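Subject: Handover of a structure

Dear colleague,

Please find the structure below, followed by an account of what was found in it. I would ask you to keep it open while you read.

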Amino acid sequence: MSPKVLSPGVPRHVAIIMDGNGRWARQRGKPRLYGHRAGAESLRAVLRACRDHGVEFLTVYAFSTENWVRPRTEVSGLMSLLRTFLKKDERELHDNQVRLRVTGRIQDLPPAVRAELQRVMEATQAYTQGHLILALSYGGRSEIVDAVRAIAARVQAGELAPEKIDEAVIARHLYLPDVPDPDLMIRTSGELRLSNFLLWELSYAEFYFTETLWPDFREPDFARALAEYARRRRRYGAPS
Ligand code: IPE
Ligand code: IPE
Ligand code: MG
């Protein structure tokens with residue numbers, strides 16, 4: 001077997017598109033926000049499962065650049081749910097030494113949400129046991145646009161020659177350059193698309209799709225995704 005054909009074991013970084021909250025609520029005749037609240041419980045469960053299974057990095061798609069078109073009440077409901085999550089779960093982040101980070105256009109978020117995020121990010125920045133990354137006002141294309149702008153500014157300032165731009169330079173200008181690329185991407189609710197999530201970083205991730213709606217996705221579902229991942233063969237272009 002070629003040394004490049006890796007048997008993957010436990011993924012170091014799992015990225016999740018937490019989808020299906022609205023449909024879960026509709027099935028119960030409840031408002032969409034009821035589904036989002038139940039979804040926050042799934043996030044808590046999956047974060048604990050990461051600790052128990054030895055997954056170091058968890059990135060969750062919580063709000064996309066496209067989600068701003070949703071009704072104002074849903075957007076503000078999601079923002080206040082986020083603040084509640086930060087308040088309620090900060091203790092658990094400390095107890096488990098989990099560092100909180102954000103990827104996305106954080107400047108687009110309401111000031112109160114931003115302040116709460118900054119506070120918890122600073123309070124947890126020294127932790128290395130686990131990493132929870134919230135993708136907020138995140139878009140894969142926006143992230144690439146922002147990287148290109150930063151690189152162009154450096155070229156214009158004479159700090160960087162265009163021929164020196166390579167994959168490593170681009171990766172260094174993304175939002176979280178020190179975070180390893182996800183190994184496994186999970187999307188719930190049966191939708192088979194990326195919806196603008198981590199376009200650059202997912203280039204070689206394994207994908208796992210499930211019909212389960214996000215509020216129903218708990219530890220056993222996560223364990224199933226990890227077991228499936230462990231059966232995959234990551235070839236990175238090498239022969240099978
Ligand atoms: C995912 O659930 C959560 C967010 C996008 C914030 P949805 O709200 O997209 O739920 P569905 O897809 O409408 O069921
Ligand atoms: C992707 O889900 C974004 C999040 C889960 C936050 P959407 O529900 O917004 O994606 P589409 O509209 O089905 O592509
Ligand atoms: Mg959806």
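The crossing of H3 and H4 is left-handed; a crossing is called left-handed if the near helix is turned anticlockwise from the far one by less than a right angle, and right-handed if clockwise. This is a predicted model, in which local features need pLDDT of at least 70 and side-chain atom pairs count only at pLDDT 80 or more, while totals for chains, interfaces and linings use all residues. Residues are numbered from 1 along each chain as its sequence is written, chains are lettered from A and ligands numbered from 1 in the order in which they are written, and side-chain values use heavy atoms, with hydrogens and water left out.

The axes of H3 and H4 come within 10 Å and cross at roughly 15°. Axes here are lines fitted to C-alpha atoms, for helices over the stretch in contact, and angles run from 0 to 180 degrees between N-to-C directions. H3 and H4 are therefore roughly parallel to each other, since angles under 35 degrees count as roughly parallel, over 145 as roughly antiparallel, 65 to 115 as roughly perpendicular and the rest as oblique. On the H3 side, the contact (heavy atoms within 4.5 Å) includes Met79, Leu82 and Leu86; on the H4 side, Val113, Leu117 and Val120 are among the residues involved. By class, the contact of H3 with H4 has nine nonpolar, one polar and five charged residues. For these classes, Ala, Val, Leu, Ile, Met, Phe, Trp, Tyr, Cys and Pro count as nonpolar, Asp, Glu, Lys and Arg as charged, and the others, Gly among them, as polar.

H3 also meets H2. Their axes come within 10 Å and cross at roughly 30°, and H2 and H3 are therefore roughly parallel to each other. H2 passes H3 in a right-handed crossing. Arg37, Leu43 and Leu47 of H2 are among the residues that make the contact, as are Leu81, Phe85 and Asp89 of H3. The contact of H2 with H3 comprises eight nonpolar, two polar and eight charged residues.

A further partner of helix H2 (residues 32-53) is helix H7 (residues 219-231): their axes come within 9 Å and cross at roughly 50°. H2 and H7 are therefore oblique to each other, and their crossing is right-handed. From H2, Val46, Ala49, Cys50 and His53 meet Glu219, Phe222, Ala223 and Leu226 in H7. Six of the residues in the contact of H2 with H7 are nonpolar, one is polar and one is charged.

The strands come next. Six of them form an open sheet in the order E3-E4-E2-E1-E5-E6, with parallel pairing; two strands pair if DSSP finds at least two bridges between them. Strand E3 (98-103) and strand E6 (206-209) are the edge strands, each pairing on one side only. Neighbouring strands of this sheet are turned by 20° against each other on average, direction ignored. E3 pairs with strand E4 (residues 130-138) in the parallel sense over six bridges, and Arg101 stands opposite Ile133 in E4.

Two of the helices above also lie across the sheet strands. Helix H3 (residues 72-95) lies across strand E2 (57-64), E3 and E4, and runs at about 170° to E4. Helix H4 (residues 111-123) lies across E3 and E4, running at about 140° to E3.

Finally, the chain as a whole. It holds seven helices and six strands, where helices (H or I, at least four residues) and strands (E, at least two) are DSSP runs, numbered from the N terminus. Read along the sequence, the pattern is β-α-α-β-α-β-α-β-α-α-β-β-α. The C-alpha atoms fill a box of roughly 55 × 50 × 35 Å, taken along the principal axes.

Yours sincerely
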